[in-house]
Amino acid sequence: MKERVAIVGIGVTGFSSVSPSLSFKELTYTAAVKAYQEAGLHPKEIDSFITASEDFMEGYSIFDEYVPDQMGAVMRPVHTVTADFIQALGIGYMMINTGRFRIIAVEAHSKASNVKTLDEVKAFALDPVYIRPLKENADFLAGLEMKRFLEETGNTEEQCAQVVVKNKANALNNPHAAHAASLTINDVLSSHPLSLPLKELDAAKPADGAIMIVLASEKEAKALCKKPIWIRGISWFSGQGNPWCRNFAYADYAQLSAQKAFAMAGITNPLKDLDFAEICDEYSYKELQHLESIGIARKGEAGFLTQTGATKLGGLLPVNVSGGSLGVGHTYEASGGMKVVEAVMQLRHEAGIRQVPNAKTGLVQSWRGVPTATGAIAILSNE
Amino acid sequence: MKIDNVPMKGLSSEEYEKALKITWKPNLHYTWDNGIGIGKYLQSLKEGKILASYCEKCERIMLPARAFCEMCFRPTDKYVPVKDTGTVNTFAICHVNWDASRLKPDEPRHIPAVIEIDGASSGQGIMHLLGNVDPAKVHIGMKVKAVWKPATEREGSITDILFFEPY
Amino acid sequence: MSFKEIIQLNTQLGYFEGQIPVNYQYTLGVAGNKFFETLKQKGEFIASICSHCGVKTIYPLIYCEECFNPIETYASVGLEGNLYSFTKCYRDYQGNTYDEPHVIGLIKFDGIKGGIIHRLNIDEKDLKLGIRVKAKLKPIKERTGSLDDIICFEKV
Amino acid sequence: MGFRKVAIVGAGITKFVRRAQETGPEMSYLASKMALDQAGLKLKDVEMVTLGTAPDAFDGVHMKGEYLLSGAGGNNKPYIRNFVGGGTGVFAPIHGWMHVASGACDICLVVCSEKMSSCHPHPQGAFLTIFDHTTEQPLKPTLIWIFALEMRRYMETYGLTKADVARVAVKNKNNALDHPSAQVAEAVTLEDVLNSEVLAEPVHRLDISPASDGAAAVVLASEDVAKRLTDKPVWIDGVGWNLDTAYWATKDLYYPRYVEKAARMAYEMAGITEPHKEIQVAEPYDPFDYKELHHMEGLLLCERGEAARLTAEGYTARTGNLPTCPSGGALGVGNPISATGLMKVIEIFLQLRGEAGKRQIPGKPRVGVAQAWGDLMQVGTVIVLRR
């Protein structure tokens, strides 16, 4: 793929535990209006639109029906991917590289507060023959993975708790965040057990919100935008589909996507070449597991890096300065989008008090949550 | 390349009965936020009125009420009540329930219709049911009027209109 | 401003309630049916064996995930394996909390890809990764050919 | 900059059945393996995978794409699921085209799978919740309503009779007698269709395609790789898709404008200016018999309101001027939604290669079109293939 692709507009509603004053269409419309205003575009000037969504998170059998209106995409080429936002962004990147599309808009949102039986929906993703009949909470798969990951790598529950403390504190600096808090390690360790060693505060809580991002080819981006943010690498992978076949010590999907995204972006030493990383932290241990799988930390050292402050703002490589999913909120298919928005603000140097000084290149990573082994990585840069 | 031998043969009813199976009834329950446009639409139904939205740019009066115009991609300008009468744009006479079970011979047939509502722009219809009418007499172009639930029983739902009948 | 009129009083907030009213009956698949019929009738687990690349997989498959060739060979792997990981789960699939946690493990088998996820019944003091465990099955008469035919895994 | 050309180099399909023993991943495997074998490739040659499947509510698994991935060969690969409702089957190879045309890969596996029988006792329950949850679902609509409403509007607009429409069902169900995947091929007569049970007037039981389990797959390759793999590549010459608003009751249902928009997008890319003359074989989506007519008009293969007359005259028969649904279509072969759309693409692929066996149409066709429709009368997906 030869064509350079840039982000030329972002629209985000901010995140909150509930959002009753707007319907899902109105929520997304709000984000779209902002994104188009930033990009200086009317939706008629956009060649194609992509939504990342899952039917059962919306409460429809075919949610695809309900996506065009709020994007200004009626009677236009629109499609849905049931994937994370960063995967949708990757499809947009590819579409521009076909040479047939110049400008693409990508949308995802969460109305998790409208899912009255969220635990049931999550359990409904479990294999109907081999896992679901156990009737356990879907979080148990995370507990199972966390136990093995900690044992095999030597990372500790305290270090996982440190991730929670860091991210929720980072979120105090993020006006978009829904779950910011000032906590101690002990608060996390003594929170209710979910599926031990996983505890309540180790798991990101859901949030509502919508994100719209506009992508453009190099020529268009330069014409539209003073501060285009370039996608220098983007990749998504699925690892072992069946959970019982996985190696819990590392995240195969993160490792594979990192290899490819780094190759695209010419990154050889992530610690040196990256200025910050937004890593999927839907569960605290996942931040550590992802850091090791991506190659930012060596096996067994991610917890130590966290403990010594290397991943704090001002540290060697700030991780989740946004607050991550733990601090901002878990937004399901929009999760990666929240992190892309943060990266764009950092790279435009518009992140206010949580600005990473002189940020030039950042990594954003997502995972689709239990029971999946699917995730994506994008490398973004302002040069 | 030849595609003549395709895999998979399917189960007969007897084989299906014999095969091991797992049943699951998920409880997929939602509480969708009405937000602005649909909130006003439902509130209006409770008051016995059908509410539309008006967009100054395309000059459409559209149903159901909405906070933004999807064609012009701009906020709608005002909410306007329309009449509760209209014209049948198309209809069907249905002999099955929503779950594909068959209606009994003595049960009334369902007559879903697209009804273009008077006072809204041309072509602006809603789906509803027709009632108090001989199915054989229903025709495209028929004038119909909403039959409302009593005010005290209305709850802010499309079912506050029981059905539309000829008038 | 995105809208000309917005909700400014919380008394105007509202939601509409509904459900997706669906029921399911899943067949277990060609390999799954074989696995659970064998469990039901013979009281043992089977793995699939790829005759092309030799990879053995449990739960069995009709295809090899590695080389994508079809699989026709299945073999018993007994009931014993190693505890790969475990967790103490405090809530059920609907979010209801248990009084006592359910201990769930992933059991892997020597030289075989994959494993079985099921309940454990093991003393706290013995509960460690890597221990040898064995499935305790329901009596043959009570077995129905499902995951419930396994009562739990116990320490050997 | 020249555009990268993309070819179909292999295809696989299962039988379409009422109830499969196989799980969704197993069905996906059977179709994928066959497509790879036909292309002379191994799974390790596949660089990326895109999977199309319609609602999760059929198979009964949330995040169905993730559930199917092992069988679709997605382990350790960039794998994604695309979804445009009933239009998915033709959109999936369009999604695959994006993968290869962009240069992201040279070989992409495209898989479609649907297991509708899991939804018990009948997938109709899953269709209730395609309607707007607040303004429509409380009326307890069935899927058939919307088709009956559209069919009546279409018939009324052009003064068509039931028989005019039913001829499509007769043609397609008879065509399907020659398709190895066919679930419901029957030598039905016009009387059979007209006398079949009335479900929602004007829709009778034999106007409708049956719910099915089934899977299909194709392998796409870039120009260089395709020429190395086969001396008969079939090129994806044009792609188009379009999504209308879900306010379906506010548009006139007699004509599918979204299909026309999608078709124009695909024709423009393929350099087709007179589709009715240039296209030699067509597979429009036919979940209901009138839909084939509707879609022929949307695809600009004939004048509006003319499709029924052309069908009656034999114009769309296998031996006619424009063979339409020579496969037997959804009405004849069966309708495992996304797999049906891809089955149609595969039919055009085989017809252009001259490998459709008993179904082969005469005249060595060079250009064909496949189309699917979906959502609440909203989605058109169109692909133009050329030999």
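Q: In this predicted model, how much area do chain C and chain A bury between them?
A: The size of an interface is often given as the accessible area lost when the parts come together. Here carbon and sulfur atoms account for 61% of that area. The total buried between chain C and chain A is about 4000 Å².

Q: How many residues does each chain bring to the contact?
A: Let's take the two sides in turn. Chain A supplies 47 residues. From chain C come 44 residues.

Q: Which residue of chain A forms a salt bridge with Glu17(C)?
A: Between chain C and chain A the count is three salt bridges. In the one made by Glu17(C), the closest N and O atoms are 2.8 Å apart, inside the 4 Å cut-off. The partner of Glu17(C) is Lys116(A).

Q: Which element gives the most to the side of chain C that touches chain A?
A: The two chains share 22 residue pairs in polar contact, counting those with both residues at pLDDT 80 or more. Elements giving two or more residues to this side of chain C include α1 (30-42), β6 (80-91) and β7 (97-108). With eight residues, the top contributor is β6(C).

Q: In β6(C), which residue is the bridge partner of Ser195(A)?
A: Strand β5 of chain A covers residues 193-196. This strand and β6(C) pair in the antiparallel sense, over two bridges. The partner of Ser195(A) in β6(C) is Cys89(C).

Technical notes: Residues are numbered from 1 along each chain as its sequence is written. Chains are lettered from A and ligands numbered from 1 in the order in which they are written. This is a predicted model: local features need pLDDT of at least 70, side-chain atom pairs count only at pLDDT 80 or more; totals for chains, interfaces and linings use all residues. Side-chain values use heavy atoms; hydrogens and water are left out. Contact means heavy atoms within 4.5 Å. Buried area is the accessible area (1.4 Å probe) that two parts lose on being put together, summed over both. A salt bridge is a side-chain nitrogen of Lys or Arg within 4 Å of a carboxyl oxygen of Asp or Glu. A polar contact is a pair of N or O atoms within 3.5 Å; within protein, one must be able to donate a hydrogen and the other to accept it, and residues adjacent in sequence count only if both atoms are side-chain atoms. Helices (H or I, at least four residues) and strands (E, at least two) are DSSP runs, numbered from the N terminus. Two strands pair if DSSP finds at least two bridges between them.
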